[in-house]
Amino acid sequence: MEVKARAPGKIILSGEHAVVHGSTAVAASINLYTYVTLRFSTPSDDQDSLKLVLKDEGLEFSWPTNRIKQEFPESSAEPQSPAPPSCSVESAKSIASLVEGLNIPEAKIAIASGVSAFLWLYTSIHGFKPATVSFTSELPMGSGLGSSASFCVALAAALLACTDFVSLDLKQQGWQSFQEKQLDLVNKWAFEGEKIIHGKPSGIDNSVSAYGNIISFKSGSMTHMKANTLLKMLITNTKVGRNTKALVAGVSERMLRHPDAMAFVFSAVDSISQELTLILQSPASDDVLSVTQKEEKIAELMEMNQGLLQSMGVSHVTIETVLRTTLKYKLASKLTGAGGGGCVLTLLPTCFVVEKVIAELESCGFQCFTAEIGGKGVEINFEVSS
């Protein structure tokens with residue numbers, strides 16, 4: 001038996017940076033996924049190790065189960081409670097010891113934190129069982145699309161699906177969703193994995209990946225919503241890395257220099273997020289707002305939000321290149337996430353032919369994806385091994 005899980009990435013539709021200063025932000029899932037396949041070893045496999053395969057990176061790591069037991073001598077083979085513990089200082093040291101011996105290439109050292117999260121989640125849920133766990137993803141790493149959260153959610157889902165804490169139909173064909181309480185559990189475990197990767201994550205990325213659809217959040221409070229408006233986005237990855245902490249600090253410093261002006265900026269962002277939420281949730285058959293009218297309103301809100309983000313000082317020359325290019329095709333765009341590079345969203349109106357704009361953007365060295373927003377969250381699939 002193999003268990004497969006897939007978890008979506010995310011975008012920020014509005015409110016990035018301003019949310020730190022009390023404004024509302026809106027995030028949505030996208031139909032680009034991280035996939036994980038879990039297969040426990042059988043006696044006939046003659047494998048007494050835990051193997052991690054990162055297909056996209058071309059990397060494979062393996063730990064003998066005896067080596068893992070040495071690092072976690074006080075751990076039990078199975079968790080005593082479904083609720084996840086936080087990774088202790090002692091466990092973090094044990095995990096660091098297991099990761100240090102892997103000789104991860106310097107160019108890919110960023111994956112070390114993800115490997116650490118993998119080891120903690122696996123050993124916390126399944127102890128020392130030998131298994132092979134494989135990953136592949138449609139999400140570029142470090143680009144603001146929630147790749148690490150998608151990784152943690154998919155992994156937690158696959159691991160929990162093979163415990164008594166989660167009840168699923170093993171005979172059902174194809175992808176199946178979790179019940180709400182089960183999703184809550186998956187999300188809690190994934191959040192602990194995100195802590196290992198990011199230190200102090202907000203919990204927004206893993207929540208969007210686990211539950212799907214749309215989340216509105218303000219001052220630490222999250223509201224789950226279902227979009228009644230199908231939106232298609234072009235996502236352009238500028239391939240420019242950014243320092244999120246430095247960008248956030250830069251906005252805060254600008255706030256200190258110009259408190260009155262920036263307060264109006266953040267208030268305007270809050271209003272944009274609130275209006276966007278109402279449009280997305282308006283009935284699909286709403287005669288007052290046709291699909292075209294909705295798209296036009298959302299496009300205007302995106303342009304306004306981008307202008308405010310520029311006033312915060314978080315744009316970048318590559319982002320401006322994407323904006324100029326898409327504007328030639330009368331398309332509205334905005335950065336998503338921290339800015340300073342990363343990804344740019346472009347709203348694709350119904351029936352728009354996107355090939356020409358993609359070709360022009362890719363000629364600039366950018367990477368392009370098309371995605372629908374507000375879809376399902378994490379799903380599971382059981383398959384009988386051949």
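## Salt bridges in the predicted model

A salt bridge is a side-chain nitrogen of Lys or Arg within 4 Å of a carboxyl oxygen of Asp or Glu. By this criterion, a search of the whole structure finds ten salt bridges. Side chains of opposite charge can pair when their charged atoms come close.

The structure is a predicted model, in which local features need pLDDT of at least 70 and side-chain atom pairs count only at pLDDT 80 or more, while totals for chains, interfaces and linings use all residues. Residues are numbered from 1 along each chain as its sequence is written, and side-chain values use heavy atoms, with hydrogens and water left out.

## Overall form

The protein contains eleven helices and 13 strands; these are DSSP runs numbered from the N terminus, with helices (H or I) of at least four residues and strands (E) of at least two. Its C-alpha trace spans about 60 × 45 × 40 Å along the principal axes.

Of the 386 residues, 52% count as buried. Buried means under 20% relative accessible area, exposed means over 50%, and partly exposed lies in between (1.4 Å probe, protein chains only). Among contacts (heavy atoms within 4.5 Å) with a separation of 6 or more, 76% join residues 24 or more positions apart.

Which side chain meets that of Lys 10 in a salt bridge? The partner is Asp 205, with an N to O distance of 3.4 Å. This pair links distant parts of the chain, 195 residues apart: Asp 205 belongs to helix H6 (residues 204-211) and Lys 10 to strand S1 (residues 2-14).

Lys 10 counts as buried, at 6% relative accessibility, whereas Asp 205 is partly exposed, at 21%.

## A bridge within one helix

Arg 67 and Glu 71 form a salt bridge whose closest N and O atoms are 2.6 Å apart. Both residues lie in helix H1 (residues 65-71); they are four residues apart and therefore separated by about one helical turn. Arg 67 is partly exposed, with a relative accessible area of 28%.

## A network of three residues

Salt bridges link Arg 6, Lys 376 and Glu 379 in a network. Within it, the closest N and O atoms of Lys 376 and Glu 379 are 3.7 Å apart.

Is Glu 379 buried or exposed? Glu 379 is buried, with a relative accessible area of 2%, while Lys 376 counts as exposed at 53%.
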